[in-house]
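This report covers a salt-bridge network, the sheet and a surface patch. The structure comes first.

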Amino acid sequence: MSLFSQLKTVQGQQWLVVDKVRVPDIEKLAYLYIPNVEVVQLFKGTPFEHLNEIGPVAIKYTAVKEFEALLQKNSDIRTSCVLFSVGDNHEEESLIQHFQALHYVIIDDAPLFFRFYAEPTWEIVESNISDEDVNTILGPFDALSWIDSNLIVKSIKRKENNINKKIKLPYKLTSNFGKELI
């Protein structure tokens, strides 16, 4: 059974963002299972850099069979990651900066550390998210996907007619899920 491999794009990029608190050996696993892997520590160069050892990582994803099998077997990894996909080529630096900016968002006029890489977050957010917030969360990406508890891949995607406008920092989310995340 393939999970994220079914989302593989011919062109563009996919980035798997993983919570190192729940999967402390994710970097070792990525280097073991994914050839020529690229791993970026997302707290590096941010105000959260002092937490880098436990901070999330972004892995340039190539959907190899062995790592897909690991996702299927290991619920800690599966529930602690999301996959961002973009069809066009973008500078990696801008993609990483977007991930870094997503950690600190404003919801209900209050700052929140947004753990956007945890599957339980998306079970809460999925049904209550506005098109505007989809645009903000996706930034330069076209889709965000996660694997639910039934091993079903779910996604949020930008609507075709929804143009990605320049978003100001810090990101502000306005959907009705704010209180549920706290």
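D148 counts as buried in this predicted model, because its relative accessibility is 6% and the cut-off for buried is under 20%. The side chain of D148 meets that of K154 in a salt bridge, at 3.8 Å from N to O. Salt bridges with shared partners join D148, K154, E123 and E126 into one network.

K154 is partly exposed, with a relative accessible area of 23%. K154 also forms a salt bridge with E123, where the closest N and O atoms are 3.8 Å apart. That pair links distant parts of the chain: E123 belongs to helix α5 (residues 119-125) and K154 to strand β8, 31 residues apart. A further salt bridge connects E126 with K154, with the closest N and O atoms 3.6 Å apart. E126 lies in the loop between α5 and α6, whereas K154 is in strand β8, so this pair ties together parts 28 residues apart in sequence. The count of salt bridges comes to eight.

| Residue | Relative accessible area | Class |
|---|---|---|
| E123 | 33% | partly exposed |
| E126 | 30% | partly exposed |
| D148 | 6% | buried |
| K154 | 23% | partly exposed |

Next, the sheet. Six strands form an open sheet in the order β2-β3-β1-β4-β7-β8, with antiparallel pairing. The strands at the edges are β2 (39-41) and β8 (153-157); each has a single partner strand, so one side of each is left without a neighbour in the sheet. From one strand to the next, the twist averages 25°. Within this sheet, β1 (residues 13-18) and β3 (residues 57-60) pair in the antiparallel sense over four bridges, and V17 stands opposite A58 in β3. Helix α4 (residues 92-102) lies across β1, β2, β3 and β4 (81-86), and α4 runs at about 30° to β1.

On the surface, V21, L51 and I54 form a nonpolar patch with about 250 Å² of accessible area together. V21 lies in the loop between β1 and α1 (26-33). With a relative accessible area of 52%, V21 is exposed, since the cut-off for that class is over 50%.

D131 is partly exposed, at 37% relative accessible area. D131 and S175 are 44 residues apart in sequence, and their C-alpha atoms are 9.2 Å apart in space.

Note on methods: Residues numbered from 1 in each chain as written. Predicted model: local features only at pLDDT ≥ 70, side-chain atom pairs only at ≥ 80, totals over all residues. Heavy atoms only, no water. Pairing = 2+ DSSP bridges. Helix = DSSP H or I, 4+ residues; strand = E, 2+ residues; numbered from the N terminus. Axes fitted to C-alpha atoms, helices over the stretch in contact; angles between N-to-C directions. Contact = heavy atoms within 4.5 Å. Patch = residues over 30% accessible without salt bridge, like charges linked within 9 Å, V, L, I, M, F, W, Y side chains within 5 Å. Areas by Shrake-Rupley, 256 points an atom, 1.4 Å probe, with all protein chains shown as cover. Salt bridge = Lys/Arg side-chain N within 4 Å of Asp/Glu carboxyl O. Buried < 20%, exposed > 50% of the residue type's maximum accessible area, 1.4 Å probe, protein only.
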